[in-house]
Amino acid sequence: MTVTRLDAPRLRARAAELADLLIDAVDDGASLGFLAPLDRAAAEAWWEERAEGVAAGRLAVWTAADGGRLVGTVGLAFPDKPNSRHRAELVKLIVHRDARGKGLGRTLLTAAEESAVAAGVTLLHLDTETDSPAEHLYRTAGWTRAGVIPDYAASPAGVLRPTTLYYKQVAVG
């Protein structure tokens with residue numbers, strides 16, 4: 001398994017594979033901001049649009065490949081406000097359903113956390129669908145549950161679901 005941080009050109013080059021990964025997750029019911037069925041062209045365009053944020057330093061994206069096949073991704077979104085540069089949001093932690101249960105989610109999470117510390121970030125936060133399989137990963141990786149917001153986002157099927165907010169202090173500043 002190889003985990004690689006993508007620069008903007010490499011993100012654009014892998015947008016089709018990232019789109020396949022996103023579609024797989026949405027089809028499997030993951031609440032990632034999209035409704036099912038997710039159009040392939042729309043998924044690929046969404047990833048291509050992320051390249052601007054990567055180039056500007058507002059977003060970091062990692063991919064995990066197994067034998068050249070992309071099987072996972074995770075991102076960190078960095079705020080642009082002066083009073084919030086100590087924190088980042090963990091976004092789009094996705095593992096292909098065929099690669100789940102092998103520790104890849106934790107590997108990607110660790111890569112993002114370690115990179116955040118190296119960048120001077122001391123606080124990470126995220127939101128995830130309440131009672132989703134992802135919650136177990138975050139809890140066992142030392143993330144703290146901050147609370148639940150009811151009816152926060154629609155599931156891929158269009159049903160409103162609650163989200164749980166988590167945070168993790170990754171370094172003492």
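Predicted model: local features only at pLDDT ≥ 70, side-chain atom pairs only at ≥ 80, totals over all residues.
Seven strands form an open sheet with mixed pairing, in the order β1-β2-β3-β4-β5-β7-β6. The edges are taken by β1 and β6 (144-154); each has a single partner strand, so one side of each is left without a neighbour in the sheet. From one strand to the next, the twist averages 25 degrees. At one end of this order, β6 runs antiparallel to β7 (residues 160-169), and seven bridges link the pair. Within this pairing, I149 has T163 of β7 as its bridge partner.

Helices pack on this sheet. Helix α3 touches β1, β2, β3 and β4, and its direction makes about 125 degrees with that of β2. Another helix, α5, lies across β4, β5, β6 and β7 and runs at about 155 degrees to β5.

After the helix comes G57, with a positive phi near 80 degrees. Which residues of α3 are buried? They are A43, W46, W47, A51, G53 and V54. These buried residues pack against strands β1 (2-6), β2 (59-66), β3 (69-77) and β4 (87-95), and also against helices α1 (8-13) and α2 (15-27).

The interior can be described next. In soluble globular proteins, nonpolar side chains tend to be buried together. Here the largest nonpolar core has 25 residues, and L76, L90, L108, L124, Y138 and W143 are those with the most contacts inside it. At least two residues of this core come from each of β2, β3, β4, α4 (104-118), β5 and α5 (133-140). The largest share, five residues, is supplied by α4. Taking L124 as an example, and setting aside neighbours within four places in sequence, its contacts include L76, W143, Y166 and V170. A second, separate core has 23 residues, among them A8, L32, A43 and I94.

Some single residues round out the picture. E129 belongs to strand β5 (residues 123-129). Is E129 buried or exposed? With a relative accessible area of 15%, E129 falls under the 20% cut-off and therefore counts as buried. The side chain of E129 makes a polar contact of 2.5 Å with that of R161. Beyond its neighbours within four places in sequence, E129 is in contact with G29, S31, E135, R161, P162 and T163.

In the loop between α2 and α3 sits P37, and the peptide bond leading from A36 to P37 is cis, with omega near -5 degrees. K92 counts as partly exposed because its relative accessibility is 22%. D131, in the loop between β5 and α5, likewise is not a glycine and has a positive phi, about 70 degrees. The relative accessible area of D131 is 68%, so D131 is exposed.

Terms used
Residues numbered from 1 in each chain as written. Heavy atoms only, no water. Buried < 20%, exposed > 50% of the residue type's maximum accessible area, 1.4 Å probe, protein only. Helix = DSSP H or I, 4+ residues; strand = E, 2+ residues; numbered from the N terminus. Contact = heavy atoms within 4.5 Å. Polar contact = N/O pair within 3.5 Å; in protein donor to acceptor, adjacent residues only side chain to side chain. Core = buried A, V, L, I, M, F, W, Y, C linked by side-chain atoms within 4.5 Å. Pairing = 2+ DSSP bridges. Axes fitted to C-alpha atoms, helices over the stretch in contact; angles between N-to-C directions.
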